Amino acid sequence: MRSTRVAVVVLATAVVAAGCGDKSPSMLKTHGSEASRIAGIWWLMFGLGAGVYAVVAFFIVWAIVRGRRADGGDGRVSDNMWIVWGGVVVPVLILGVLAVVTVQATTDLRKPEAGALQVEVVGKRWWWQVGYPGTSVTTANEIRLPAGRQVEIGLDSDNVVHSFWVPQLAGKLDLIPGQHNILRFTPRTPGTYIGECAEFCGVEHARMGFVVIVQTTTDFDRWMTRHQLTPSSPDGESAIEGEVTLVTQACAGCHAIRGTPAQGTVGPDLTDFGERTTIGARTVPNTPENLAKWIVDAQSLKPGALMPPMPMSDREVKNVIAYLEGLK
Ligand code: CUA
């Protein structure tokens, strides 16, 4: 029994500690309007819950210490007032306050603002397609947003249900096939924020991550302007050969690169690939070594990924890497 109790305590401590790392995208360390509002409600619920716990614990201790009554009674409280207040009035008041606060917050957080930035995110198996309506920019797994301006993220799926969650910026919202959902929030602080798929969506659900890069308005506008241009031609012999290999081989059937004959729409658009920080929706860092493994056998890094192994020579792989890493 003792060892079981020790094991439970150790396990519980480990679970709590695991959520406390500095790098954890804690929903209580907020950097967006919607997340702040949600965190406020969380603290209110925590405070009320803690209050109820303290009162109940007090009465339990009190009953133990007090024990049997001196008058020979069994010590039980018989007064109906306890039932009425503790069982009806107080719970109704607490739940009433929470209902008003949450319904109000839900309404406020859905309000559109003039001049909001439109972003369109489509959940794929198992990555995120990101587009900016009205521009030619399409990317994957990295969403750039300007700080201080409301964003309206349209969420769609053409396969199964996913859920979009960036804990430090906003609440979760599902991507449901056949239904267009809109998530609105205003990111506050420039920085990089971790996002996850929060709905089980198949074998690679756990590797369906993304990042949101919040930039100052100036930096964001500069990025947007540059990315609307067709990428410059590959630089160097290896990269030039790599482009030829990529657009003439099977790669071009699934991937698009703006300004080239590669126009596939099955896999992620690779137009700004060299700028991305990770490969495979935050599965591994974007390094030439990881990219080589990914091209030759993506399954070795992300089993179940829909990218098939590419039958390429070492030289072709090296050239394709030189080309892709230069796309910025
Ligand atoms: Cu997509 Cu879980």
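A residue counts as buried when its relative accessible area is under 20%, as exposed when that area is over 50%, and as partly exposed in between (1.4 Å probe, protein chains only). The structure here is a predicted model, in which local features need pLDDT of at least 70 and side-chain atom pairs count only at pLDDT 80 or more, while totals for chains, interfaces and linings use all residues. Residues are numbered from 1 along each chain as its sequence is written, and side-chain values use heavy atoms, with hydrogens and water left out.

Aromatic rings make a handy starting point. Rings of Phe, Tyr and Trp (its six-membered ring) pair if their centres lie within 6.5 Å; planes under 30 degrees apart are called stacked, over 60 edge-to-face, and the rest tilted. Searching the whole structure turns up 12 aromatic pairs. In one of them, W42 and F46, the ring centres are 5.3 Å apart and the planes sit at 5°, so this pair is stacked. Both residues belong to helix α2 (residues 33-66), where they are four residues apart, about one turn of the helix. Helices (H or I, at least four residues) and strands (E, at least two) are DSSP runs, numbered from the N terminus. W42 is partly exposed at 33% relative accessible area, and F46 is also partly exposed, at 46%.

W128 and F164 tell another story: their pair is edge-to-face, with 5.8 Å from centre to centre and 85° between the planes. The two sit 36 residues apart and link distant parts of the chain, with W128 in strand β2 (residues 127-131) and F164 in strand β6 (residues 162-165). Both W128 and F164 are buried. Elsewhere, ring pairs tie F58, F59, W62 and W82 into a cluster.

Two strands pair if DSSP finds at least two bridges between them. β2 runs antiparallel to strand β1 (residues 117-124), with five bridges joining them; in one of these, V122 is partnered by Q129 of β2. A hairpin connects β1 to β2 through two residues. β2 is also antiparallel to strand β3 (residues 138-140), this time with three bridges, and V130 has T139 in β3 as its bridge partner.
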